[in-house]
Amino acid sequence: MNRDDQWAAGRVVVVTGATSGFGAAFARRLTRAGGKVIAVGRRAERLAALAMDCAPGSVLGRAVDLQDPAAPEAILQNLPEPFIAIDGLINNAGLALGLGPAQKAALPNWETMIAVNVQALVRLTHAVLPQLVDRPRADIINLASVAASYPYPGGNVYGATKAFVRQFSLGLRSDLLGTRVRVTSLEPGMCETEFSVVRFGGDQDAAAKVYAGMKPLSAEDVADALEAILRLPAHLNVNTMEIMPIQQAFGPFAVDRSGA
Ligand code: 8X3
């Protein structure tokens with residue numbers, strides 16, 4: 001086995017949002033390469049299906065709702081021996097709710113995005129960090145978004161939560177100087193997963209329109225990016241990585257020309 005093939009071998013990685021999309025793809029990728037995954041998600045049956053799909057004994061499912069303040073404890077307590085030495089945390093769980101203007105948004109949608117994308121992420125990171133700093137090598141990969149850096153109409157609180165994730169990741173880099181913990185803010189653009197179905201409250205047609213006539217990223221593409229980051233030598237930290245489909249780019253500034 002050469003050095004590159006060992007990028008996940010023997011590692012124990014917590015992956016949140018593992019029941020679908022990026023999270024499930026990350027879990028499959030890590031376990032295929034010899035890693036062990038503590039897979040976190042709300043739906044126990046999906047976690048069981050994921051475990052069946054991966055190498056026997058390589059996935060430990062933790063069915064918890066990350067909005068519960070007790071979630072980190074529930075994830076980390078009584079870990080069986082093969083999963084004790086956590087050396088990776090992939091904070092992937094997150095969601096967008098709504099794409100309407102801020103002045104018409106439902107406040108509960110904003111609160112849920114903040115609870116999952118920000119609050120739950122910092123809680124779990126806080127709980128896992130003391131273990132990571134003791135490892136000879138460890139990684140935190142936080143799933144932000146291109147929406148962290150580029151505002152777009154209707155992105156309001158979603159983009160703001162992802163800007164938090166990006167800045168929190170960079171802040172962690174500052175604080176973790178002197179440890180062997182690498183931190184990356186991974187920032188995908190348009191990707192066809194359940195993301196848009198959730199954003200539009202289950203409206204499949206509205207979700208499909210988002211990707212009409214273009215080729216979005218897939219969860220496997222984002223797993224490729226994750227693998228590329230983790231394969232890099234341990235002394236090299238990717239601070240941020242933005243990826244977009246080639247058919248997505250930036251627009252001009254919007255101007256209101258309804259009269260000066
Ligand atoms: C979502 C990326 O470009 O669909 O995180 O807003 S985009």
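Where is asparagine 78 found? Asparagine 78 is in the loop between α3 (71-76) and β4. When I say helix or strand, I'm using DSSP runs numbered from the N terminus: helices are H or I with at least four residues, and strands are E with at least two. Asparagine 78 isn't a glycine, although it has a positive phi of about 50°. At 70% relative accessibility, it counts as exposed. Here's the scale for that: buried is under 20% relative accessible area, exposed is over 50%, and partly exposed is in between, with a 1.4 Å probe and protein chains only.

Quick word on the model before we go on. It's a predicted model, where local features need pLDDT of at least 70 and side-chain atom pairs count only at pLDDT 80 or more, while totals for chains, interfaces and linings use all residues. Residues are numbered from 1 along each chain as its sequence is written, and side-chain values use heavy atoms, leaving out hydrogens and water.

Okay, the inside. A nonpolar core here is a set of buried Ala, Val, Leu, Ile, Met, Phe, Trp, Tyr and Cys residues joined through side-chain atoms within 4.5 Å. The largest one has 33 residues, and the members touching the most others are Val15, Phe26, Leu30, Leu50, Ile90, Ile141 and Val222. Which elements give it two or more residues? Those are β1 (12-16), α1 (21-32), β2 (36-41), α2 (44-53), β5 (138-143) and α8 (219-231). Helix α8 provides the largest share, seven residues. There's also a second, separate core of 26 residues, and Leu79, Ala120, Leu124 and Ile140 are among them.

By contact I mean heavy atoms within 4.5 Å. Setting aside neighbours within four places in sequence, leucine 50 is in contact with Ala18, Ala24, Ala27, Arg28, Ala39 and Val59.

Next, a pair that I like: threonine 16 and asparagine 92. Threonine 16 is found in strand β1, and it's buried, with a relative accessible area of 2%. Asparagine 92 is in the loop between β4 (88-91) and α4, and it's buried too, at 10%. What links them? A polar atom in the side chain of threonine 16 lies 2.9 Å from the backbone nitrogen of asparagine 92. A polar contact, by the way, is a pair of N or O atoms within 3.5 Å; within protein, one must be able to donate a hydrogen and the other to accept it, and residues adjacent in sequence count only if both atoms are side-chain atoms. Leaving out residues up to four places away in sequence, asparagine 92 also touches Gly17, Phe22, Gly23, Phe26 and Leu143, as well as Thr16.

Now arginine 11, in the segment before β1. Is arginine 11 buried or exposed? It's buried, with a relative accessible area of 7%. Its side chain is joined to that of aspartate 139 by a polar contact of 2.8 Å. Not counting residues up to four places away, arginine 11 touches several others, including Lys36, Asp87, Arg137 and Leu230.

Compare that with arginine 123, in helix α4 (residues 107-132). At 23% relative accessibility, arginine 123 is partly exposed. Beyond four places in sequence, arginine 123 touches Leu66, Gln67, Asp68, Pro69 and Pro72.

Last stop, the ligand. Which residues surround the ligand? They are Ser145, Val146, Tyr152, Tyr158, Pro188, Gly189, Met190, Phe195 and Gln248, where near means that a heavy atom of the residue lies within 4 Å. That shell divides into six nonpolar, three polar and no charged. For those classes, Ala, Val, Leu, Ile, Met, Phe, Trp, Tyr, Cys and Pro are nonpolar, Asp, Glu, Lys and Arg are charged, and the others, Gly among them, are polar. Oxygen atoms of the ligand come 2.6 Å from a side-chain N or O atom of serine 145, 2.6 Å from a polar side-chain atom of tyrosine 152 and 2.9 Å from a side-chain N or O atom of glutamine 248. The protein covers 88% of the 240 Å² of accessible area that the ligand has on its own, using the Shrake-Rupley method with a 1.4 Å probe; for residues, only the protein chains shown count as cover.
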